[in-house]
Amino acid sequence: MRVQVGAQGRDERPVRRRAPLRGGAAQDLRVLRLPGQRDVIPLDMNFSPGATSGQEGIHWLRTAHALAPDTKVILMTAYAAVDTAVEAIKLGAREYLTKPFDFDRLRQVLVEIREELERRASILALESQMAQK
């Protein structure tokens, strides 16, 4: 299972973007490119100083799913809100964890994702075998 963690790595490139919540002020942000798609992306909900609405995380959740729809996104926040959690799950977030989060729960979610990926790979292999017959 491939997990993208942090803001450093060769799968990123700096781009000039408008930050979702900073009043239109242009900021340099790192945007994730997914050439060798990641299976899981842990993603914080708030990036800008003082931001607590979670809309930055919602923006990057949408972006990640636009680039790689099968990637599982685990959202994390210190400012949990039911409406934001519901929106995130409706948009395809695999999990919504509050900080400080329970590492046992995170481990459980990662195990569940791995099992889902293994099942999907098995199904695809069987479908491929059936198509060849």
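This is a friendly dialogue about how to read the features of one predicted protein model.

Q: What should I know before I look at this model, and how are its residues numbered?
A: Residues are numbered from 1 along each chain as its sequence is written, and side-chain values use heavy atoms, with hydrogens and water left out. The model is predicted, so local features need pLDDT of at least 70 and side-chain atom pairs count only at pLDDT 80 or more, while totals for chains, interfaces and linings use all residues.

Q: How many helices and strands are there in the protein?
A: Helices (H or I, at least four residues) and strands (E, at least two) are DSSP runs, numbered from the N terminus. Here you can find 3 helices and 5 strands. Starting at the N terminus, their order is β-β-β-α-β-α-β-α.

Q: Which strands pair with β4, and in what sense?
A: Two strands pair if DSSP finds at least two bridges between them. Strand β3 (residues 40-44) pairs with β4 in the parallel sense over 5 bridges, and β4 also pairs with β5 in the parallel sense, over 4 bridges. Follow Leu75 to see both pairings: Leu43 has Leu75 as its bridge partner in β4, and Leu75 has Tyr96 as its bridge partner in β5.

Q: Is strand β4 mostly covered or uncovered?
A: We judge cover by relative accessible area: buried means under 20%, exposed over 50%, and partly exposed in between (1.4 Å probe, protein chains only). In strand β4 (residues 72-77), 6 of its 6 residues are buried. Lys72, Ile74 and Met76 point one way, Val73, Leu75 and Thr77 point the other way, and all are buried. For the protein as a whole, buried residues make up 35% of the 133 residues.

Q: Which residues of helix α2 are buried, and which are exposed?
A: An α-helix has 3.6 residues a turn, so residues three or four places apart point the same way. In α2 the buried residues are Thr84, Ala85 and Ala88. They lie on the same side of α2 because they cover an arc of only 100 degrees around the axis; that arc is taken from the directions from the helix axis to the C-beta atoms. Val82, Asp83 and Lys90 are exposed on the other side of α2. The cover over the buried residues of α2 includes α1, β4 and β5. Just after the helix, Gly92 takes a positive phi of about 110 degrees.

Q: How many salt bridges does a search of the whole structure find?
A: Side chains of opposite charge can pair when their charged atoms come close. A salt bridge is a side-chain nitrogen of Lys or Arg within 4 Å of a carboxyl oxygen of Asp or Glu. The search finds 10 salt bridges.

Q: What does the salt bridge between Glu87 and Arg62 tie together?
A: Their side chains meet with an N to O distance of 3.6 Å. Glu87 lies in helix α2 (residues 82-90) and Arg62 in helix α1 (residues 55-67), so the pair ties together parts that are 25 residues apart in sequence. Glu87 is partly exposed, at 24% relative accessible area, and Arg62 is partly exposed, at 44%.

Q: Where do Arg94 and Glu116 lie, and where do Glu118 and Arg114 lie?
A: The side chains of Arg94 and Glu116 meet in a salt bridge at 3.0 Å, N to O. This pair links distant parts of the chain, 22 residues apart, with Arg94 in the loop between α2 and β5 (95-98) and Glu116 in helix α3 (residues 103-132). Glu118 and Arg114 form a salt bridge too, with their closest N and O atoms 3.8 Å apart. Both of these residues lie in helix α3, 4 residues apart, about one turn of the helix. Salt bridges that share partners also join Arg94, Glu95, Arg105, Glu112 and Glu116 into one network.

Key: Contact means heavy atoms within 4.5 Å.
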